[in-house]
Structure formats: structure tokens, C-alpha cells
Amino acid sequence: MTSVTATPIVKPSGISVPGARRLLLWTGIIAVLAWVLLPIYFVALGAFGGRLGVFRWPKSIWPSDLSAASMLQFLNIEGVFGALMNSFIAAGFTVLFSVLLGAPAGYALARYSFKGQTAFRLLVLLTRAFPLAILALPLTVSFIRLGLYDTAFGVSLIHTVLALPFAVLVTQSLFMGIPREYEEAAWVFGCTRFQAFLRVVMPLALPGLAATAIFAFVISWNEVFAASILTVRERTLTAYLLKVLSESPLHYRFAGGFILIIPSVLFIFAVRRYLFAVWGIASK
Amino acid sequence: MPTRANWIPYALIAPSVVFLGALFIVPLVQTIWLSFSSDDGTLLGNYARMAGDLNFSVAIRNTFMLTLVVVPLQVALAIGMALMISKVGKGRDLILWVFTIPLGISDLAAGLAWLAILQNSGYLNSALYGLGLIQGQTGWLSQETPVTLFIGIVLAEVWRATAIVLVIVIAGLQLIPKEFSEAAEIFGAKPWTRFCKITLPLLKPSLQSALILRTVLAFEVFAVVYALGGTNFPVLAGEAYNWQNINQNYGVAAAYAVLIMAISIAATVFYLRVLRVRPEQLP
């Protein structure tokens with residue numbers, strides 16, 4: 001875990017920083033690296049240490065007696081696997097909806113100027129000033145009526161509200177970065193608008209769309225409040241963990257926390273190149 | 001664009017407009033309406049019940065205190081981290097990745113990760129015991145230790161949500177032309193002066209959006225508090241959750257929701273005014 005941070009990097013960097021200041025700089029960076037990584041490391045130890053590991057006293061920071069058994073035990077508790085599946089379903093639908101709804105809107109904002117453009121943009125930006133998950137509260141009643149209550153699909157709808165503004169703004173800048181002339185050239189060669197979009201714009205936009213999709217996934221995967229409000233039996237993993245939090249033993253809580261963290265870490269790794277472009281845009 | 005294609009953009013935005021209308025505007029109106037329709041038939045009945053609740057003033061105080069401590073800490077830490085990264089040459093990508101990992105971690109998972117450290121037989125107590133600072137297991141997260149519980153929640157929140165501020169700040173730093181700082185250096189400005197007079201003012205738009213985003217989310221704080229302190233530390237969103245799911249009183253829950261929204265909007269307006277960005281000040 002810390003072996004990465006401990007590797008001394010003494011080679012001069014591109015920017016010249018004098019010796020003492022460089023020492024200070026790297027002390028600071030290693031401190032922050034430890035600050036970020038240690039809690040993840042500790043919750044992993046808790047997740048794989050089992051019941052005995054949790055109560056061992058005093059604890060050593062080195063791993064001992066780790067086994068996958070306690071993790072498997074956790075996954076075999078009634079409801080956990082179903083909750084995990086529900087989380088995947090809700091996140092999957094969220095990805096689908098936010099890309100399918102968001103990308104066309106982003107394309108419209110990027111390529112056309114039309115009446116009501118400002119109003120639409122305002123609507124998208126307005127969502128940011130609101131605590132959106134809280135809006136799940138009144139939805140309980142209408143969701144019961146529509147048969148959407150207590151389904152992963154229903155949860156994904158409110159998660160899409162969280163992810164959609166983001167998808168619109170990011171895809172807008174994505175499409176703005178693809179020259180219009182490419183499309184016009186395709187029209188000249190006899191493509192319809194739709195064909196031109198599919199064959200010329202899509203391939204160029206694909207990596208950015210994938211990044212948008214991954215962000216939508218993470219937003220849904222992590223959301224606790226709305227998911228807890230809108231489900232009773234078909235809980236997502238976050239809702240399940242929140243519900244059983246007070247009565248479940250510590251090592252199960254850590255196992256749950258660890259499972260929640262893993263996909264996020266992998267996904268942030270996958271989109272790390274797009275992170276700044278995406279947030280630079282989305283925060284305007 | 002040719003005029004005959006006028007309907008196309010509308011067709012493209014229509015699905016999002018319908019969706020946001022149905023699942024953002026409608027519930028927004030519903031929440032407000034629900035909060036003003038109480039069982040006893042009075043307009044403010046739900047609000048009266050909310051304000052009369054034992055936990056209400058505690059939840060208000062806790063939520064505000066958390067926001068006032070956490071958000072400035074996050075902004076300061078994020079600026080510090082961003083400036084450190086800007087000095088690094090080799091290994092920059094790896095460091096940046098690690099720094100941004102918490103971006104993808106949920107508040108619930110963050111609470112659980114810090115629970116592993118702060119629980120009675122956890123790593124903090126083990127370290128303190130090893131150093132001889134405590135005699136045995138000490139509780140930090142109980143009702144009897146509100147100060148350390150508060151600090152624990154602050155730590156978990158700063159740990160989790162600083163990354164998002166960091167990303168916004170780094171994206172903002174990239175927009176500042178290097179020439180400005182170089183020119184100032186030629187004229188003899190010290191690093192601290194350059195930071196205060198050039199970097200910080202030009203970073204204002206980014207800081208504004210980071211502050212709005214974080215403050216709105218901070219008033220929604222809930223799961224991290226619940227994971228660390230259970231019901232020992234009431235916050236506004238937690239009260240809304242309790243009234244809805246445990247007391248089954250949707251009216252009072254809606255009143256809490258309206259209160260949280262009102263505070264969020266007030267905070268947004270405040271930031272937009274105080275940190276107003278004049279176009280002529282931008283590079």
C-alpha cells in the first residue's frame with residue numbers, strides 16, 4: 001500500500017525546486033498520500049480480518065490472519081447479494097438514461113442556437129442549487145401509485161436527475177470540440193444527419209461519452225438518501241447498509257464499506273485523464 | 001445552421017426537459033405543497049411540529065457547524081494540494097490519481113472507513129495506546145464525547161469531499177496563463193505575493209463553483225454522520241429521513257426538505273454575490 005509512496009523520487013523534476021523546499025514538498029505530498037490511502041487500507045483490513053480481527057487489541061497496522069472467508073460470509077447474508085445486484089441495476093439504468101437523455105441535449109446546445117436555449121441551460125444549472133436527493137421525499141407517494149416504489153428502476157430515475165445535468169454539460173463541450181466541418185463533409189458525401197452523427201461524430205465522442213457514463217455510474221452507486229427513502233425490500237447496497245448499520249457487527253460493516261469503495265477506485269482510475277476536462281467544464 | 005432544421009434542437013432537448021420536469025420540478029413543487037398541508041389543517045402545522053421537536057435546534061446547530069468548519073478546511077486543503085501537485089514533475093499522474101480517489105467514494109463508505117480508525121478497538125486507540133497516551137480502549141464516538149464525535153465527522157468529510165474541490169481548483173489553475181506569474185516574478189514579487197495577488201483572484205470563478213457545490217452538499221450531510229455516530233449527532237437531512245421512514249410523517253419530512261432547500265439557495269445566492277466575477281477581470 002505505502003510502498004508506492006515510500007519510493008524515493010530524487011530525480012530532478014522539470015521544475016527546479018531547491019533542495020530544502022523539495023524535501024518539504026515531498027513530505028507534504030507523502031503526508032497527503034498517506035491521509036488518502038490509510039483509511040481505505042484500514043477498512044480493507046477490517047473487511048478481511050473477520051470477527052476476531054475487529055476486536056484484537058491493540059491492533060497492529062500490519063495485516064495478519066486475513067482471509068476471504070469473512071468477506072464471503074458477508075456476501076452470503078440474506079439480502080446482501082440482492083442489494084448488490086440492485087445497486088448494479090440502478091446504476092446501469094442511471095448510466096443508460098443520463099447518456100441517452102443527456103447526449104442529445106448536449107449535442108443540441110453545442111450545434112444549434114435556438115430560442116429557449118438560455119432557459120434550458122438555466123434549468124440544468126438550477127438543479128445544482130438544490131439538494132436533489134431530498135426531492136425523493138414526496139416521490140414516495142407517486143412512486144407507490146405508479147408501481148415504481150421499492151424497485152431499482154425507480155431509484156435509477158431519481159439518480160438520473162442527479163447525473164443528467166452533469167451529462168448535458170459534459171457532452172455539450174465534448175461535441176463542441178468536434179469540428180462541425182467533419183459532419184458537413186459527410187453530408188456532402190450523401191450521409192443523412194443521423195448517419196453523419198453515427199459514423200463521424202460518435203467514434204470521436206466515444207471516449208468522452210464513456211467517461212460521462214462512468215461518472216453517472218459512480219453517482220448512482222454512491223447515493224444513499226434517495227435510495228433509502230424509495231426502497232424497503234429491494235434495497236440498493238447503500239440503502240441496505242444504512243438500514244442494518246446499527247444492528248450489524250463491525251466486521252460486516254467494514255466488509256460493506258470495502259465493497260462500496262472498490263468500484264469507485266477502479267472507475268476513477270479509468271477516467272483519470274478525463275477528470276479535469278470533465279470537471280473543468282461541469283463546474284462553470 | 002439552415003432554418004429548415006429548426007425543430008431538431010427542440011426534439012433533442014425535449015426528453016431531458018420532460019424528464020427534469022417530471023422528476024425535478026414536480027417533486028420540488030410537491031415538497032413545498034406537502035410541507036404546507038398538515039394534518040391539523042393549519043398552514044404552518046408541519047413547520048410548528050418541526051420547530052417544536054427536541055432534535056430540531058440541535059440538528060440546525062450541528063449542520064451549520066459542520067458546514068462552517070468542513071467547507072473552508074476543504075478549500076484550503078485543496079488549494080494546498082493543487083499547489084503541491086503543480087510543483088511535481090515526475091510521478092504527477094500517479095499522485096493525482098491517489099489524491100482524487102475519494103471523489104468516487106460515497107459518504108457512507110467514508111464514514112465506515114473512519115469508523116475502522118476511530119472505533120473503540122480501532123487504529124487510533126491502538127496507536128495512542130502504543131505511545132502510552134491512553135491506558136485502555138477509549139470511546140470517541142459516543143454521546144458523552146460530542147466534541148471528538150464532531151471532530152471525527154469533520155475528518156471523514158474532509159477526507160472524502162476535498163477531492164472534488166481539488167479537481168475544480170486544478171481545472172481552474174490550468175486556465176491561468178503562466179505569463180502572469182512569470183511577469184510578477186520578474187518584477188520581484190515573492191511567491192506568497194504572487195499567490196495572493198495573481199493566483200487567488202484569478203481562481204475566483206472556480207472557487208465560487210466549488211463553494212456552491214460543496215456547501216449545498218454539506219447541508220445534505222447524512223450518511224457519514226450516521227455511520228460514525230448513529231443517532232448521537234442529529235443533522236437536518238437525518239431528521240428528514242427519520243420523520244419520513246420511522247415516524248411515517250411525510251409532512252414534517254417535507255418541511256425539513258424545504259428548510260434544507262431554502263438554506264442551500266440562500267448559500268448559493270450569497271456566494272454568487274460575495275464572489276461576483278466581473279468579466280473584465282478574467283484573463
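Mentor: A residue is buried if 20 or more other C-beta atoms lie within 10 Å of its own. Keep in mind that this is a predicted model.

Trainee: What makes helix α12 of chain B mostly covered?

Mentor: Eight of the ten residues in α12 (236-245) of chain B are buried, so each of those eight has 20 or more other C-beta atoms within 10 Å. They are B:L236, B:A237, B:G238, B:E239, B:A240, B:Y241, B:W243 and B:Q244.

Trainee: Which elements cover the buried residues of α12(B)?

Mentor: Chain A contributes α6 (136-146) and α10 (225-230), among others. From chain B, the cover includes α3 (54-87), α10 (204-219), α11 (223-229) and α13 (250-274).

Trainee: How many residues does each chain bring to the contact?

Mentor: Chain A brings 84 and chain B brings 86. On the side of chain A that touches chain B, helix α2 (residues 19-55) of chain A gives the most, with 15 residues. That side divides into 61 nonpolar, 16 polar and seven charged residues.

Trainee: Which residues touch the most other members of the largest nonpolar core?

Mentor: A:V43, A:I134, A:A136 and B:Y256, in a core of 176 residues. Helix α7 (residues 146-173) of chain B supplies the largest share, 16 residues. Domain 1 (3-67) and domain 2 (73-282) of chain A each give this core at least three residues.

Conventions:
Residues are numbered from 1 along each chain as its sequence is written. Chains are lettered from A and ligands numbered from 1 in the order in which they are written. This is a predicted model: local features need pLDDT of at least 70, side-chain atom pairs count only at pLDDT 80 or more; totals for chains, interfaces and linings use all residues. A residue is buried if 20 or more other C-beta atoms lie within 10 Å of its own, exposed if 12 or fewer, and partly exposed in between; C-beta atoms are placed from the backbone. Helices (H or I, at least four residues) and strands (E, at least two) are DSSP runs, numbered from the N terminus. Two residues are in contact if their C-beta atoms, placed from the backbone, lie within 7 Å. Ala, Val, Leu, Ile, Met, Phe, Trp, Tyr, Cys and Pro count as nonpolar, Asp, Glu, Lys and Arg as charged, and the others, Gly among them, as polar. A nonpolar core is a set of buried Ala, Val, Leu, Ile, Met, Phe, Trp, Tyr and Cys residues joined through C-beta atoms within 7 Å. Domain bounds come from an automatic or database domain assignment.
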